Amino acid sequence: MLLELTRPELVRTGNLIDGRWSGAAEDGRYLVINPANGERFAEVPDSTAVDAHAATDAAARALPAWRATLPRERAAILRRWHALILANLEDLARIMSTEQGKPLAEARGEVHYGASYVEWFAEEGPRVYGDIIPQQQRGKRMSAVKEPIGIVAAVTPWNFPLAMIARKIAPALAVGCTVVAKPAEDTPLTALALAQLALEAGVPCGVLNMISASRDQGVAAVGDWLADARVRKITFTGSTAVGKHLARASADTLKKLSLELGGNAPFIVFEDADLDAAIEGLMASKFRNGGQTCVCPNRVYVQAGVYDAFARKLGERVAALKVGPATDDSAQIGPMINARAVEKIARHVDDALSHGARVLTGGRKLDALGPNYYAPTVLLDAKEGMVVCCEETFGPVVPLFSFEREEDVIRAANDTPYGLAAYFYTRDVRRIHRVSAQLEAGVIGANEGAVASAAAPFGGVKESGYGREGSRYGLDDYLSVKYVCEGGLD
Ligand code: SIN
């Protein structure tokens, strides 16, 4: 049984506000559904703006004391949180697979991945240095100090229910901010379990507050944070449309924003590439989380001379992928998150086929497994103008485009409003540097498909957003720089 947990009490079905678990103020609740079978998993608070406001009140009360703690004291709490996440790895993975659908092996991997951000920021928090500015005038000393920005609102997606929220909360707490958070409607339970472990680690009351909400109420709850001048920063991972809305709606209180938005990643295979390595890289990056990943390749460009050989090898590998629920240990691809996601994938594939693409493998729903399954798919003869070329499919579909010249593929790769990740394979060192420099993306995989790391700056350019998560740059988003000018020193 997927939900046989060592600690069943980690399935928290309340909001965490001021260190206490409670229902929504207006008593609303909504169902969290297991996407593998459409069955009820749990019922959680359907929070409103009233709960969002109460969370901000708690975060405001907790802020003065928390920002006054020593960085090493905060780091010690984060280290305990990290240890607790790993100690409860199996339960967290099972909760995650039940609400999100990903295979258990991937869910376990995500717990490690998310925990690595907590560890990383526990280490980086005590290293937030300012500057003494070289003297400009006699009798004056100028310095720049970095301070916590204040209350942070974190709004996170369903595709990585643990890692995405951990990499926002951990840096915020590490530098002395307090947090109000809303995990995705579909996957609140992993995040709520994480919040329970934060309490156990010693995060003080009100420092981390978390509310769950359905889609409509969630908009109102986040609206309250947008309008509240006490909330100084919003960190959001999700669609570009919502990111733009947040940017507009936060203008009145001029909040700092970090936006990790949609992608449309190109994956380029040059004729001189190691084709087997390129296949491995593509399988790892494209099919991670069933293709429901912002950084996963959406368009695969293969140079004409190796197109057929590459397609043949890829088709064999993709056809062999095992699809099934997380209860099936051998499953490599789980269900998509919901019926809307499957409809979108089917629409993209149908559009490609109606414009001349051909199915090499897949290309259909897998209704026998349940309502939310789609077969891993490779499409041949993909062309510019097809929806798969312009929009993020967010599913297990590989459209294969052919190209002749390097300059053509660079132009095609950059011909999108998005700029999150881009990948390419070549054995030519000069081309690695040339192509890396020309691709318009925040994350580049050169002969590498697995780019995720807590030590690396993650984020996009263009309409994929701004701000960076992870790495030492990931702290900057939660800090403001104060300039102090001391006079009369001569
Ligand atoms: C995402 O694509 O949604 C995040 C992926 C990552 O952290 O690698």
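Reply: Gladly! Domain 1 (8-261 + 464-483) and domain 2 (265-453) both contribute residues to the lining of the largest pocket, so the pocket lies between them; the domain bounds come from an automatic or database domain assignment. This is a predicted model, where local features need pLDDT of at least 70 and side-chain atom pairs count only at pLDDT 80 or more, while totals for chains, interfaces and linings use all residues. Residues are numbered from 1 along each chain as its sequence is written, and side-chain values use heavy atoms, with hydrogens and water left out.

Me: What makes a space a pocket or a cavity?

Reply: On a 1 Å grid over the protein atoms alone, a cavity is a set of points where a 1.4 Å probe fits but cannot get out, whereas a pocket is an open set with protein on both sides within 12 Å along at least five of seven lines. Lining residues have an atom within 4 Å of a point. The largest pocket is lined by 40 residues, with Trp 158, Arg 215, Gly 238, Ser 239 and Val 242 nearest its centre.

Me: How do you get the volume of the largest pocket?

Reply: Grid points are joined across faces, edges and corners, and the volume is the space filled by probe spheres set on the points. For the largest pocket that comes to about 1,200 Å³.

Me: Which cavities does the search find?

Reply: Across the whole structure there are three cavities of 30 Å³ or more. The largest cavity holds about 60 Å³ of space, and 16 residues line it, including Pro 266, Tyr 418 and Glu 440.

Me: How do you know which residues are around the ligand?

Reply: A residue is near a molecule if one of its heavy atoms lies within 4 Å of it. The residues around the ligand include Tyr 113, Asn 159, Arg 288 and Cys 294. Domain 1 and domain 2 both give residues to this shell, so the ligand lies between them.
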